[in-house]
Amino acid sequence: METVLSGIRSTGNLHLGNYLGAVQNFVKMQYDYNCYFFIADYHSLTTHPKPEDLHNSVRQVLVEYLAAGIDPEKSTLYIQSDVPEITELYLLLNMNAYLGELERTTSFKDKARQQPENVNAGLLTYPVLMAADIIIHKADKVPVGKDQEQNLEMARKFARRFNNMYSVEYFKEPQAFNFGKELIKIPGLDGSGKMGKSEGNGIYLADDEAVIRKKIMRALTDSGPIKPNSEMPEYIKNLFTIMEIVSTPDTVQFFKDKYASCEIRYGDLKKQLAEDVIKMLAPINKKIKEIDSDSQYLSKVAKMGAEKARESASKTLQEVREIIGFRKFW
Ligand code: TRP
């Protein structure tokens, strides 16, 4: 069975776009692949989170992934900082990662531009840590978005370089996992192209019903079409895009017909949309609350994940140390 690995940013709550675009696929993948899912808390340190926020954001992500359906018995679900072998491999890989190539990475250049007051070495070697995350479990496939393709390419490069340097065929080169051609892009509620955390236009899995209703009722609309069969403006199309995912085909058709005949009432459409989003998220929302209040369960899950991940990671690390030439004197 092939191994799939995915790193999850430990910043922010999951929104509907994350869920439909990625998490739902992870949940399905668990049954066809040997899956490793981990929360990349070391990576989050590049932006210097407050100590009290660090733990809470990791906890929140853990709760939400479990609530969304990641099964900790089937998959290996763990927290990066619980697996010290990753940092050791990171150190070793750093010896073969060159300043020039790291400086040329797009994500580094972007970050350096965004936070010129904090261009730290962790930011520079971010792709090395990511490579360590991936190759420590000899992952075959990594589901990545466009923004992470270059980092994955670098992971392949570091794996290949290690093999060449020591004349071994040890590490595999991880490939991008393709979810299929129809990658769902969930638009925001403000008429913008994409639901995102920084855009503040999202519906969160942890939002309760009243909040979801309020957010959807506030979504950008206008006074409606004047001419029959007219082209929809982007922000109306976006509402239909969400509706096509959460509502029944009949419902979508009903409102499309109303639009075409200029009889649409956006208040009704939004009410319907809100109810259908609520219906879809209700079981997850309920689970979030249950899991969130069960610290004992969370601690059990994290411990089990750490143990499973370390079993695989320590085996790799031992072999890597052997290849590099470390020998014990004692
Ligand atoms: N860099 C990834 C992101 O920002 C998170 C990540 C860290 C990751 N390590 C990884 C993703 C390893 C895949 C594999 O989304």
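A: Pro 143 counts as buried because its relative accessibility is 10%, below the 20% cut-off for that class. This holds for a predicted model. The residue is found in strand E4, which covers residues 141-143. Leaving aside residues up to four places away in sequence, Pro 143 touches Val 4, Leu 5, Ser 6, Phe 26, Met 29, Phe 177 and Phe 179. A further pairing can be given by distance: Gln 175 is 32 residues from Pro 143 in sequence, while the two C-alpha atoms are 8.6 Å apart in space.

Burial is also a feature of strand E3, residues 76-79. Thr 76 and Tyr 78 are buried on one side of E3, and Leu 77 and Ile 79 are buried on the other, so that both faces of the strand are covered. In general, side chains in a regular strand alternate between the two faces of the sheet. Strand E2, residues 34-40, runs parallel to E3 and is joined to E3 by four bridges. Within this pair, Ile 39 stands opposite Ile 79.

Ile 79 leads on to the second largest pocket. Together with His 55, Val 58, Leu 62 and Ala 302, Ile 79 is among the lining residues that lie nearest the centre of this pocket. The lining comprises 13 residues, and the space inside is about 200 Å³. By class, six of the lining residues are nonpolar, four are polar and three are charged. Helix H3 (51-68) and helix H14 (295-324) each supply at least two residues of this lining, and H3 gives the most, with five.

Domain 1 consists of 3-186 + 295-324, and domain 2 of 209-289. The C-alpha centres of the two domains lie 36 Å apart. Across the boundary, eleven residues of domain 1 are in contact with eight residues of domain 2.

For the whole protein chain, there are 14 helices and five strands. The C-alpha trace spans about 80 × 45 × 40 Å along its principal axes. Of the 330 residues, 46% count as buried. Among contacts between residues at least 6 apart in sequence, 77% join residues at least 24 apart.

Note on methods: Residues are numbered from 1 along each chain as its sequence is written. This is a predicted model: local features need pLDDT of at least 70, side-chain atom pairs count only at pLDDT 80 or more; totals for chains, interfaces and linings use all residues. Side-chain values use heavy atoms; hydrogens and water are left out. Buried means under 20% relative accessible area, exposed over 50%, partly exposed in between (1.4 Å probe, protein chains only). Two strands pair if DSSP finds at least two bridges between them. On a 1 Å grid over the protein atoms alone, a cavity is a set of points where a 1.4 Å probe fits but cannot get out, and a pocket is an open set with protein on both sides within 12 Å along at least five of seven lines; lining residues have an atom within 4 Å of a point. Grid points are joined across faces, edges and corners, and a volume is the space filled by probe spheres set on the points. Ala, Val, Leu, Ile, Met, Phe, Trp, Tyr, Cys and Pro count as nonpolar, Asp, Glu, Lys and Arg as charged, and the others, Gly among them, as polar. Domain bounds come from an automatic or database domain assignment. Contact means heavy atoms within 4.5 Å.
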